[in-house]
2 protein chains.
Amino acid sequence: MLEKTTRMNYLFDFYQLLLTPKQRNYMSLYYLDDYSLGEIAEEFGISRQAVYDNIKRTEMMLEDYESKLHLLKKYQQRQQLVEQLRKYLEELEGEKGPILECIDSLEKLD
Amino acid sequence: MLEKTTRMNYLFDFYQLLLTPKQRNYMSLYYLDDYSLGEIAEEFGISRQAVYDNIKRTEMMLEDYESKLHLLKKYQQRQQLVEQLRKYLEELEGEKGPILECIDSLEKLD
(Lines give C-alpha, C1' and ligand atoms only; values in the text may rest on other atoms or scores of the structure.)
Protein backbone atom coordinates (compact mmCIF):
# COMPACT_ATOMS: atom_id res chain seq x y z
CA MET A 1 0.00 0.00 0.00
CA LEU A 2 1.38 3.40 -0.95
CA GLU A 3 1.75 6.11 1.63
CA LYS A 4 -1.64 7.86 1.97
CA THR A 5 -0.79 11.20 0.34
CA THR A 6 0.86 9.50 -2.64
CA ARG A 7 -2.09 7.13 -3.01
CA MET A 8 -4.60 10.00 -2.89
CA ASN A 9 -2.58 11.91 -5.47
CA TYR A 10 -2.74 8.91 -7.81
CA LEU A 11 -6.43 8.24 -7.20
CA PHE A 12 -7.21 11.92 -7.72
CA ASP A 13 -5.27 11.81 -10.97
CA PHE A 14 -7.25 8.83 -12.25
CA TYR A 15 -10.75 9.74 -11.09
CA GLN A 16 -10.87 13.51 -10.71
CA LEU A 17 -13.23 13.98 -13.65
CA LEU A 18 -15.83 11.91 -11.79
CA LEU A 19 -15.83 14.43 -8.91
CA THR A 20 -17.78 17.70 -8.67
CA PRO A 21 -15.88 20.95 -9.31
CA LYS A 22 -16.06 21.77 -5.58
CA GLN A 23 -14.61 18.38 -4.61
CA ARG A 24 -11.87 18.80 -7.20
CA ASN A 25 -11.06 22.26 -5.83
CA TYR A 26 -10.68 21.19 -2.21
CA MET A 27 -8.75 18.02 -3.06
CA SER A 28 -6.43 19.85 -5.39
CA LEU A 29 -5.63 22.55 -2.83
CA TYR A 30 -5.21 20.04 -0.02
CA TYR A 31 -3.26 17.29 -1.78
CA LEU A 32 -1.50 18.99 -4.67
CA ASP A 33 -0.92 22.51 -3.33
CA ASP A 34 -0.48 21.47 0.29
CA TYR A 35 -2.97 23.98 1.75
CA SER A 36 -4.11 23.31 5.32
CA LEU A 37 -7.80 22.69 6.13
CA GLY A 38 -7.87 26.11 7.80
CA GLU A 39 -6.46 27.88 4.75
CA ILE A 40 -9.03 26.24 2.45
CA ALA A 41 -11.82 27.14 4.89
CA GLU A 42 -10.70 30.78 4.88
CA GLU A 43 -10.36 30.85 1.08
CA PHE A 44 -13.98 29.69 0.62
CA GLY A 45 -15.52 31.36 3.68
CA ILE A 46 -16.73 28.09 5.24
CA SER A 47 -15.91 26.18 8.42
CA ARG A 48 -12.82 24.03 8.80
CA GLN A 49 -15.12 21.14 9.71
CA ALA A 50 -17.05 21.51 6.43
CA VAL A 51 -13.81 21.33 4.44
CA TYR A 52 -12.68 18.31 6.45
CA ASP A 53 -16.00 16.48 5.91
CA ASN A 54 -15.95 17.22 2.20
CA ILE A 55 -12.39 15.95 1.76
CA LYS A 56 -13.07 12.79 3.81
CA ARG A 57 -16.15 12.05 1.70
CA THR A 58 -14.18 12.61 -1.48
CA GLU A 59 -11.41 10.29 -0.33
CA MET A 60 -14.03 7.61 0.28
CA MET A 61 -15.49 8.18 -3.18
CA LEU A 62 -12.05 7.83 -4.77
CA GLU A 63 -11.44 4.56 -2.90
CA ASP A 64 -14.87 3.37 -3.96
CA TYR A 65 -14.10 4.09 -7.63
CA GLU A 66 -10.78 2.30 -7.26
CA SER A 67 -12.47 -0.74 -5.71
CA LYS A 68 -14.72 -0.91 -8.78
CA LEU A 69 -12.42 0.08 -11.66
CA HIS A 70 -8.92 -0.73 -10.29
CA LEU A 71 -7.26 1.91 -12.46
CA LEU A 72 -4.41 2.50 -10.02
CA LYS A 73 -3.86 -1.21 -9.41
CA LYS A 74 -3.79 -1.99 -13.13
CA TYR A 75 -1.52 0.97 -13.75
CA GLN A 76 0.98 -0.37 -11.23
CA GLN A 77 0.82 -3.89 -12.69
CA ARG A 78 1.33 -2.48 -16.16
CA GLN A 79 4.33 -0.41 -15.09
CA GLN A 80 5.90 -3.53 -13.60
CA LEU A 81 5.37 -5.52 -16.80
CA VAL A 82 6.76 -2.73 -18.94
CA GLU A 83 9.86 -2.58 -16.75
CA GLN A 84 10.33 -6.34 -17.11
CA LEU A 85 9.85 -6.11 -20.87
CA ARG A 86 12.64 -3.56 -21.10
CA LYS A 87 14.92 -5.76 -19.01
CA TYR A 88 14.33 -8.89 -21.11
CA LEU A 89 14.69 -6.90 -24.30
CA GLU A 90 18.21 -5.85 -23.37
CA GLU A 91 19.29 -9.47 -23.83
CA LEU A 92 18.07 -9.74 -27.43
CA GLU A 93 20.02 -9.02 -30.63
CA GLY A 94 18.81 -6.82 -33.46
CA GLU A 95 17.06 -3.50 -34.16
CA LYS A 96 15.17 -2.64 -31.01
CA GLY A 97 14.30 1.02 -31.70
CA PRO A 98 10.71 0.46 -32.84
CA ILE A 99 10.05 -1.97 -29.98
CA LEU A 100 11.28 0.52 -27.43
CA GLU A 101 9.02 3.16 -28.97
CA CYS A 102 6.02 0.84 -28.58
CA ILE A 103 6.94 0.19 -24.97
CA ASP A 104 7.32 3.92 -24.28
CA SER A 105 3.89 4.55 -25.80
CA LEU A 106 2.36 1.77 -23.71
CA GLU A 107 3.84 3.32 -20.60
CA LYS A 108 2.47 6.77 -21.45
CA LEU A 109 -1.05 5.40 -21.95
CA ASP A 110 -1.27 4.62 -18.18
CA MET B 1 -16.43 4.21 -34.33
CA LEU B 2 -17.49 0.66 -33.51
CA GLU B 3 -20.93 -0.56 -34.43
CA LYS B 4 -23.32 0.53 -31.65
CA THR B 5 -24.04 -2.87 -30.07
CA THR B 6 -20.34 -3.76 -29.97
CA ARG B 7 -19.49 -0.38 -28.51
CA MET B 8 -22.17 -0.70 -25.81
CA ASN B 9 -20.93 -4.19 -24.95
CA TYR B 10 -17.44 -2.83 -24.44
CA LEU B 11 -18.58 0.21 -22.45
CA PHE B 12 -20.80 -2.00 -20.31
CA ASP B 13 -17.84 -4.28 -19.69
CA PHE B 14 -15.64 -1.40 -18.54
CA TYR B 15 -18.12 0.61 -16.48
CA GLN B 16 -20.84 -1.79 -15.33
CA LEU B 17 -19.78 -1.60 -11.68
CA LEU B 18 -20.59 2.13 -11.72
CA LEU B 19 -24.21 1.38 -12.64
CA THR B 20 -27.08 0.49 -10.28
CA PRO B 21 -28.12 -3.21 -10.09
CA LYS B 22 -31.32 -2.37 -12.01
CA GLN B 23 -29.41 -0.63 -14.79
CA ARG B 24 -27.00 -3.56 -14.97
CA ASN B 25 -29.91 -6.00 -15.20
CA TYR B 26 -31.66 -4.26 -18.08
CA MET B 27 -28.44 -3.61 -20.01
CA SER B 28 -27.25 -7.14 -19.57
CA LEU B 29 -30.53 -8.64 -20.78
CA TYR B 30 -30.77 -6.23 -23.69
CA TYR B 31 -27.17 -6.19 -24.92
CA LEU B 32 -25.68 -9.48 -23.77
CA ASP B 33 -28.68 -11.82 -23.80
CA ASP B 34 -30.44 -10.14 -26.72
CA TYR B 35 -33.84 -9.78 -25.00
CA SER B 36 -36.29 -7.36 -26.65
CA LEU B 37 -37.59 -4.30 -24.78
CA GLY B 38 -40.99 -6.04 -24.60
CA GLU B 39 -39.53 -9.19 -23.07
CA ILE B 40 -37.66 -7.20 -20.41
CA ALA B 41 -40.82 -5.20 -19.65
CA GLU B 42 -42.79 -8.42 -19.18
CA GLU B 43 -40.05 -10.00 -17.01
CA PHE B 44 -40.11 -7.05 -14.60
CA GLY B 45 -43.82 -6.15 -14.85
CA ILE B 46 -43.19 -2.58 -16.08
CA SER B 47 -43.95 -0.72 -19.31
CA ARG B 48 -41.87 -1.11 -22.46
CA GLN B 49 -41.38 2.67 -22.40
CA ALA B 50 -39.91 2.54 -18.90
CA VAL B 51 -37.39 -0.09 -19.98
CA TYR B 52 -36.53 1.94 -23.08
CA ASP B 53 -36.01 5.14 -21.04
CA ASN B 54 -33.85 3.35 -18.51
CA ILE B 55 -31.62 1.78 -21.17
CA LYS B 56 -31.25 5.08 -23.06
CA ARG B 57 -30.27 6.87 -19.85
CA THR B 58 -27.78 4.12 -19.04
CA GLU B 59 -26.24 4.33 -22.52
CA MET B 60 -25.77 8.06 -21.98
CA MET B 61 -24.15 7.43 -18.61
CA LEU B 62 -21.75 4.92 -20.15
CA GLU B 63 -20.79 7.42 -22.88
CA ASP B 64 -20.35 10.08 -20.21
CA TYR B 65 -17.98 7.84 -18.22
CA GLU B 66 -16.07 7.06 -21.40
CA SER B 67 -15.74 10.76 -22.23
CA LYS B 68 -14.17 11.26 -18.79
CA LEU B 69 -12.05 8.12 -18.29
CA HIS B 70 -11.44 6.92 -21.90
CA LEU B 71 -11.07 3.29 -20.80
CA LEU B 72 -12.30 1.89 -24.11
CA LYS B 73 -10.20 4.29 -26.17
CA LYS B 74 -7.05 3.52 -24.17
CA TYR B 75 -7.81 -0.19 -24.37
CA GLN B 76 -7.96 -0.01 -28.16
CA GLN B 77 -4.74 2.01 -28.36
CA ARG B 78 -3.02 -0.48 -26.08
CA GLN B 79 -4.20 -3.45 -28.15
CA GLN B 80 -2.77 -1.82 -31.25
CA LEU B 81 0.59 -1.22 -29.57
CA VAL B 82 0.73 -4.78 -28.27
CA GLU B 83 0.04 -6.11 -31.75
CA GLN B 84 2.85 -3.96 -33.15
CA LEU B 85 5.21 -5.11 -30.40
CA ARG B 86 4.58 -8.75 -31.35
CA LYS B 87 5.22 -7.97 -35.02
CA TYR B 88 8.52 -6.18 -34.36
CA LEU B 89 9.60 -8.88 -31.95
CA GLU B 90 9.34 -11.54 -34.65
CA GLU B 91 12.31 -9.93 -36.36
CA LEU B 92 14.65 -10.20 -33.37
CA GLU B 93 17.02 -13.06 -32.50
CA GLY B 94 17.24 -14.76 -29.12
CA GLU B 95 15.07 -16.15 -26.30
CA LYS B 96 11.71 -14.41 -26.64
CA GLY B 97 9.60 -16.59 -24.35
CA PRO B 98 9.65 -14.31 -21.29
CA ILE B 99 9.00 -11.23 -23.45
CA LEU B 100 5.98 -12.85 -25.05
CA GLU B 101 4.69 -13.72 -21.59
CA CYS B 102 4.99 -10.07 -20.52
CA ILE B 103 3.13 -8.98 -23.64
CA ASP B 104 0.38 -11.54 -23.04
CA SER B 105 -0.01 -10.28 -19.48
CA LEU B 106 -0.16 -6.67 -20.66
CA GLU B 107 -2.89 -7.61 -23.09
CA LYS B 108 -4.94 -9.38 -20.41
CA LEU B 109 -4.76 -6.35 -18.10
CA ASP B 110 -6.98 -4.37 -20.56
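**Exercise 1.** With which residue does A:Asp64 form a salt bridge, and how far apart are the closest N and O atoms?

*Solution.* The structure is a predicted model.

Step 1. The partner of A:Asp64 is A:Lys68, and the closest N and O atoms are 3.2 Å apart. A salt bridge requires a distance within 4 Å.

Step 2. Both A:Asp64 and A:Lys68 belong to helix 4 (residues 48-69) of chain A, where they stand 4 residues apart, about one turn of the helix.

Step 3. A:Asp64 has a relative accessible area of 35% and is partly exposed; A:Lys68, at 29%, counts as partly exposed.

Step 4. In chain B, the side chains of B:Lys68 and B:Asp64 also meet in a salt bridge, at 3.1 Å from N to O. About one helical turn of helix 4 of chain B separates B:Lys68 from B:Asp64, as they are 4 residues apart.

**Exercise 2.** State which parts of chain B are linked by the salt bridge between B:Glu107 and B:Arg86.

*Solution.* Step 1. Between B:Glu107 and B:Arg86, the closest N and O atoms lie 2.8 Å apart.

Step 1. Relative accessibility is 28% for B:Glu107, which counts as partly exposed, and 25% for B:Arg86, which counts as partly exposed.

Step 2. Elsewhere, A:Lys4, A:Lys56 and A:Glu59 are joined into one network by salt bridges that share partners. Over all chains, the search finds 12 salt bridges.

**Exercise 3.** Classify the ring pair of A:Tyr26 and A:Phe44, and locate its two residues.

*Solution.* Step 1. By the rule applied, there are 12 aromatic pairs over all chains.

Step 1. The ring centres of A:Tyr26 and A:Phe44 are 5.1 Å apart and the planes meet at 70°, so this pair is edge-to-face. The class applies because the angle is over 60 degrees.

Step 2. A:Tyr26 lies in helix 2 (residues 21-32) of chain A, and A:Phe44 lies in helix 3 (residues 37-44) of chain A, so the pair ties together parts that are 18 residues apart in sequence.

Step 3. A:Tyr26 counts as buried, at 4% relative accessibility, whereas A:Phe44 is partly exposed, with a relative accessible area of 34%.

Step 4. Ring pairs also form a cluster of A:Tyr10, A:Phe14, A:Tyr15, A:Tyr65 and A:Tyr75.

**Exercise 4.** Describe the interface of chain B and chain A by its area, its residues and its polar links.

*Solution.* Step 1. About 2,700 Å² is buried between chain B and chain A, with 80% of it on carbon and sulfur atoms. B:Leu92, B:Leu106 and B:Leu109 account for 21% of the area that chain B buries against chain A, more than any other three residues.

Step 1. Chain B contributes 29 residues to the contact and chain A contributes 29 residues.

Step 2. Three elements of chain B, namely helix 4 (48-69), helix 5 (71-90) and helix 6 (97-108), each supply at least two residues of the side that touches chain A. Helix 5 of chain B gives the most to this side, with 10 residues.

Step 3. Sorted by class, the side of chain B that touches chain A has 18 nonpolar, 4 polar and 7 charged residues.

Key: Residues are numbered from 1 along each chain as its sequence is written. Chains are lettered from A and ligands numbered from 1 in the order in which they are written. Side-chain values use heavy atoms; hydrogens and water are left out. Contact means heavy atoms within 4.5 Å. Buried area is the accessible area (1.4 Å probe) that two parts lose on being put together, summed over both. A polar contact is a pair of N or O atoms within 3.5 Å; within protein, one must be able to donate a hydrogen and the other to accept it, and residues adjacent in sequence count only if both atoms are side-chain atoms. Ala, Val, Leu, Ile, Met, Phe, Trp, Tyr, Cys and Pro count as nonpolar, Asp, Glu, Lys and Arg as charged, and the others, Gly among them, as polar. Rings of Phe, Tyr and Trp (its six-membered ring) pair if their centres lie within 6.5 Å; planes under 30 degrees apart count as stacked, over 60 as edge-to-face and the rest as tilted. Buried means under 20% relative accessible area, exposed over 50%, partly exposed in between (1.4 Å probe, protein chains only).
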